Amino acid sequence: MRENLEEREQKKRKRDVERFLHEQQAALEEEKSRIEKWKQTVQEEEPMRKPQKNAVRNREFAVVTYLFLAVFLGMIAYFAYFQAEKSEAFINSPYNARQDVFADRIVRGDILSAQGDVLAVTDVANDGTETRSYPYGRMFAHAVGFSTNGKSGIESLDNFQLLRSHSFFLEKIINEVRGKKNKGDTVVTTLDTSVQKAAYDALGANQGAVIAMEPSTGKILAMVSKPDFDPNTIAADWESITDASNGSSVLLNRVTQGLYPPGSTFKIFTLCAYMQQKKNYKNYRYQCEGNLTKDGNSIHCFDNAVHGQEDLKTAFAKSCNTAFSEIGLSLSLNKFAALNDRLLFNSPLPCDLPYSKSSYVMKAGASAGEVMQTAIGQGKTLVSPYHLALVMAAITNDGVLMRPYLVDRVASHDGAEVSSQEPEAYGRLFTAKQSAVLKQYLRAVVSQGTAERLDSQSYTAGGKTGSAEFTDAKDSHAWFLGYAEQKEGKELVVSVIVEGAGTGGMYAVPAAKAVFDAYFAAS
């Protein structure tokens, strides 16, 4: 009985399977029939649809292809740009930890003056201890900088160059086999030792700044800022020179980062605006009585001097405050602001070191008092010695500003050149005609005005003095901004500020003269 039941169950399962297979076979046949019908329909429609489909597909393929090609070419272009323009700056960044790896294999290279004097060197003791030393001590402090407790100056600017070696490859291989560090490359600066010393000594114990540069090349020959520091003892002195509680500003490079009221040096800008806006400027006449009052605001000439009858050149040479206040009142303030923006106020400056932007804020609608003050370099205007040097360099170089630079070339430690800096025009600030006229006015300041101390037999000088008030007590910063040249074509621009000293003619002009004398004595 049990066997009959099992047989019946097996037969039932067999029938179920056969039925399922039959149903699946029928479904498969039906699907095949449907596919055949679809194929036949497609074949009948293909002659009409194929060209359109191919055109669409080809167009889509072309778009995708060109898109990928554009992306690829863009990546290649950026890679080339990065390699040529950005890679070294990226590697040279003080935040790049890769530099620490270089320091493990390379003895930091030397920094030299333009004459080959050693400004920074790494001394290696017998036990391998390295000490960075600065033979000239404080003299090049802000320009060369330091490499302990961070980095500044050229030590920061060319950190990467100092930590790589282009020594002869066999020498490098031998040193690496011996486990000895290779010597880093040498950075040769544009700094002139004798000109730097003259600028440093001229400031003496005063706070202030001096910058000297060649207008025809952009080479910076001297950069002095005081108060200064000794880079040889920077680690030991770090706490005292960074103590904010005593108002320390020792690390501030006043040449590029100091901002001051420009005083009468700003009359160069006011003069330029007047010449630009008044085509008959040569006919300017003014009777100076030592005082000018407008809407209750009074301006006095320095030391209450009465200059009498003046033309434009005489007013500029004598630095007549009342004449230039009156000139300021006659100007279109919008055009004046536009000119100053073009002359690098409120603008980025071509500068490799940290710097502060100069500030000019007077616009149309300013009160008579603000206009009168601003026109003579007081009011809210602030400027750096570096910025003024750039403007004077452009005037001296027929209106073209050359891009300033501090590093002339990089060489391997045995003297083979690795790279060099060529003079490069930054842009035109004045026309050649404007520059020629401005130089005549600047020359008059020396020949018959407030900078007569600069008259010399060995060179021809021109410039503008300034006494910039900065407190209610009428304390003044002493300014001089000018140029000197010889017939042979040798030229130098100098910008000097002596903080709180007094008049520019008394204190800043002698400092500029010392720099000019040192420069031209070498010719």
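Reply: Start with a list of residues around a hole: Arg138, Met139, Phe140, Ala141, His142, Ala143, Gln196, Tyr200, Met223, Val224, Ser225 and Asp228 line the second largest cavity. Keep in mind that this is a predicted model.

Me: How is such a space found, and what is the volume of the second largest cavity?

Reply: The general idea is that rolling a probe the size of a water molecule over the atoms shows where empty space is left. In this case the second largest cavity has a volume of about 30 Å³.

Me: Which helices and strands each supply at least two residues of that lining?

Reply: Helix H3 (141-144), helix H7 (193-203) and strand E8 (220-226) do. Sorted by class, the residues around the second largest cavity are seven nonpolar, three polar and two charged.

Me: How many cavities of 30 Å³ or more does a search of the whole structure find?

Reply: The search finds two. The largest cavity holds about 60 Å³ of space. Its lining consists of Ile220, Met223, Pro350, Cys351, Asp352, Leu353, Tyr386, Pro404, Tyr405 and Leu406. Nine of the lining residues are nonpolar, none is polar and one is charged.

Me: A pocket is open, unlike a cavity. How much space lies in the largest pocket?

Reply: About 700 Å³. Strand E11 (297-300), strand E17 (460-469) and helix H17 (504-521) are the elements that give two or more residues to its lining. E17 contributes the most, with four residues. The lining has 29 residues, and those nearest the pocket centre are Ser264, Cys301, Phe302, Asn321 and Ser467. By class, the pocket lining divides into seven nonpolar, 17 polar and five charged residues.

Me: Now the backbone. What should I look for?

Reply: Look for exceptions: most residues other than glycine have a negative phi, and most peptide bonds are trans. Here, Lys226 and Pro227 are joined by a cis peptide bond, with omega about 10 degrees. Pro227 sits in the loop between E8 and helix H8 (234-241).

Me: Where is Asn149 placed, and what is its phi?

Reply: Asn149 lies in the loop between H3 and helix H4 (153-157). Its phi is near 60 degrees, a positive value in a residue other than glycine. Asn149 has a relative accessible area of 35%, so it counts as partly exposed.

Me: And Asp295: buried or exposed?

Reply: Exposed, because its relative accessibility is 63% and the cut-off is over 50%. Phi of Asp295 is also positive, near 50 degrees, and the residue falls in the loop between strand E10 (291-294) and E11.

Me: How do I read a sheet? What is the order of the strands in the open sheet of six?

Reply: Go across the sheet from strand to strand: the order is E4-E3-E2-E6-E14-E15, and the pairing is mixed. At the edges are strand E4 (130-133) and strand E15 (417-420), each of which pairs on one side only. Inside the order, strand E2 (residues 111-112) pairs with strand E6 (residues 186-189) in the parallel sense over two bridges. Ile111 has Val187 in E6 as its bridge partner.

Me: Which numbers describe the chain as a whole?

Reply: The chain has 17 helices and 19 strands. Of its 523 residues, 46% are buried. Its accessible surface comes to about 26,800 Å², and 52% of that belongs to carbon and sulfur atoms.

Terms used: Residues are numbered from 1 along each chain as its sequence is written. This is a predicted model: local features need pLDDT of at least 70, side-chain atom pairs count only at pLDDT 80 or more; totals for chains, interfaces and linings use all residues. Side-chain values use heavy atoms; hydrogens and water are left out. Two strands pair if DSSP finds at least two bridges between them. On a 1 Å grid over the protein atoms alone, a cavity is a set of points where a 1.4 Å probe fits but cannot get out, and a pocket is an open set with protein on both sides within 12 Å along at least five of seven lines; lining residues have an atom within 4 Å of a point. Grid points are joined across faces, edges and corners, and a volume is the space filled by probe spheres set on the points. Ala, Val, Leu, Ile, Met, Phe, Trp, Tyr, Cys and Pro count as nonpolar, Asp, Glu, Lys and Arg as charged, and the others, Gly among them, as polar. Buried means under 20% relative accessible area, exposed over 50%, partly exposed in between (1.4 Å probe, protein chains only). Accessible areas come from the Shrake-Rupley method with a 1.4 Å probe; for residues, only the protein chains shown count as cover.
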